[in-house]
Every structure is written in structure tokens, then in C-alpha cells.
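Here is a short briefing on how one chain packs together. Look at the structure first, then read the points by topic.

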Amino acid sequence: MNIINKNQKLLLSGIIGLSIIFLTFGFASAVDDEQFKTAMDLIQSKKTDEAIPILENILKNNPNNMKVLKNLAVAYTEIKMCDESVKLYDRILDLKPNSPEILYGKAVCYNAMGLPEKSLLILDELDEKFSNETNVLIARGNSHLLFQEFDIALEYYQKALEKDFKPISDMRASGKYRKIIAKNLLEKCFLEINEKKIIGVHS
């Protein structure tokens, strides 16, 4: 397995293991509200694949409901169907252009899809006040890791570890959990850089 494939697997199992949980308001019916609560309970119980059809059904009656769109996008990300997530993020951006949390989610998806160039383009669109937040720095590091630009990735992971965790959205993954991921990626970069140096000496 090559480096990029290993990195994509790592990103899917770690960094994109996030979920955005929103309060329930403004549905077309009480039934939709109850179904949404059921879907959220399933996601909390790690039964995301069971929650998705429920959220899809709610979306039919509430096509522009931001809470459903956002949670459905993240749910698809969790089951590694990032192409569906990107479509949903685009729908949200039509309703709420330049939303930092949505741009970030879309960038994470592109990394998971092995498209770091698209991820970096999106992260560059973030307002300056969000661009140095911990999870954004980790996402940038992930992009450069996929490019095998280990020194640059290392810089971003180090910056992330030096900062207090201040997410741009309410995520189920705790700050402590995401810091552990950043630390693991940081150590991976050290290994890759050292391996390159060793290969360079002996080649």
C-alpha cells in the first residue's frame, strides 16, 4: 500500500470522524421533529447508516432545513460517502454562502477523497479569523500530508498542537480527541521525514 493510500485511510478513520449536532426547531411537522431526534440518537449510538434514510426522508418535507442538511452531510462523511457530502455542502452554500463551518466540512471531504488541491483552495476561502483555528490547521496539514509534503504538514500539525482547541463548529469529537489525532499525525510526519533523509543518505 502506498503512502497516499495509507494517509487516506488514516484521515477517514480519524480526522473526518466528526459530527455536527444541532438543536431541533422549525420542521414541517411534529413527526419530522421526532424523526430528527431519532436520527440524532442513532448517530450518537454510532448507527449512522440507520440515521441517514431517516434524515433523507425528513429532507423531502424540509428541503432547505439547515440542520438536516448539515447533519446529513456529516453523516455521509462518517460512512465514507464524501461525494454525497460535497453535494449537500454545495446546497447549503447556495443558502448560506461562505459559511466557515460548511467550507471547512467540504475541505475535509476533499481530503478524504484524495483531492488535497481542492481542499486547500477551499480553506483559502476562509475568513482570516477562522484560518488559524486548530481544526483548520489540521485540515491543511492533512492536505500537505496527502501531497507527501511532510515538512509543510509538520509545520501545520505543530501549530495545531500549540494552540488551544477552539473549533469553528459544535463537533462531537472533543478537543482532546482531535489533539491526539494531531499528535499522531505529527509523529507520522517525523517518521516520514526521517525515512526520506535515510533514503537520501544511502541512495
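A nonpolar core is a set of buried Ala, Val, Leu, Ile, Met, Phe, Trp, Tyr and Cys residues joined through side-chain atoms within 4.5 Å. Buried means under 20% relative accessible area, with exposed over 50% and partly exposed in between (1.4 Å probe, protein chains only). The model is predicted: local features need pLDDT of at least 70, side-chain atom pairs count only at pLDDT 80 or more, and totals for chains, interfaces and linings use all residues. Residues are numbered from 1 along each chain as its sequence is written, and side-chain values use heavy atoms, leaving out hydrogens and water.

**Nonpolar cores**

- The largest nonpolar core holds 36 residues. Leu55, Leu72, Leu88 and Tyr89 have the most contacts inside it.
- Helices α2 (30–44), α3, α4, α5 (82–95), α6 (100–112), α7 (116–123) and α9 (134–146) each give this core at least two residues. Helices are DSSP runs (H or I, at least four residues), numbered from the N terminus.
- The largest share, eight residues, comes from α6.
- Another core lies apart from this one and has eleven residues, among them Ile138, Ala153, Leu154 and Leu186.
- Leu88 is in contact (heavy atoms within 4.5 Å) with Leu59, Leu69, Leu72, Ala73 and Tyr76, leaving aside neighbours within four places in sequence.

**Helices α3 and α4**

- Helix α3 spans residues 48–61 and helix α4 spans residues 66–78. They pack at an angle of about 150°, with axes 10 Å apart.
- Axes are lines fitted to C-alpha atoms over the stretch in contact, and angles run from 0 to 180 degrees between N-to-C directions.
- α3 and α4 are therefore roughly antiparallel. That term covers angles over 145 degrees.
- On the α3 side, the contact residues are Thr48, Ile52, Leu55, Glu56, Ile58 and Leu59. On the α4 side they are Val68, Leu69, Asn71, Leu72, Ala75, Tyr76 and Glu78.

**Helices α7 and α9**

- α7 and α9 pack at about 150°, with axes 9 Å apart. They are therefore roughly antiparallel to each other.
- α7 brings Pro116, Ser119, Leu120 and Leu123 to the contact. α9 brings Val136, Ala139, Arg140, Ser143, His144 and Leu146.

**Ala153**

- Ala153 sits in helix α10 (residues 150–162).
- Ala153 counts as buried because its relative accessibility is 0%.
- Ala153 and Leu185 are 32 residues apart along the chain, and their C-alpha atoms are separated by 8.8 Å.

Definitions and conventions:
Angles under 35 degrees count as roughly parallel, over 145 as roughly antiparallel, 65 to 115 as roughly perpendicular and the rest as oblique.
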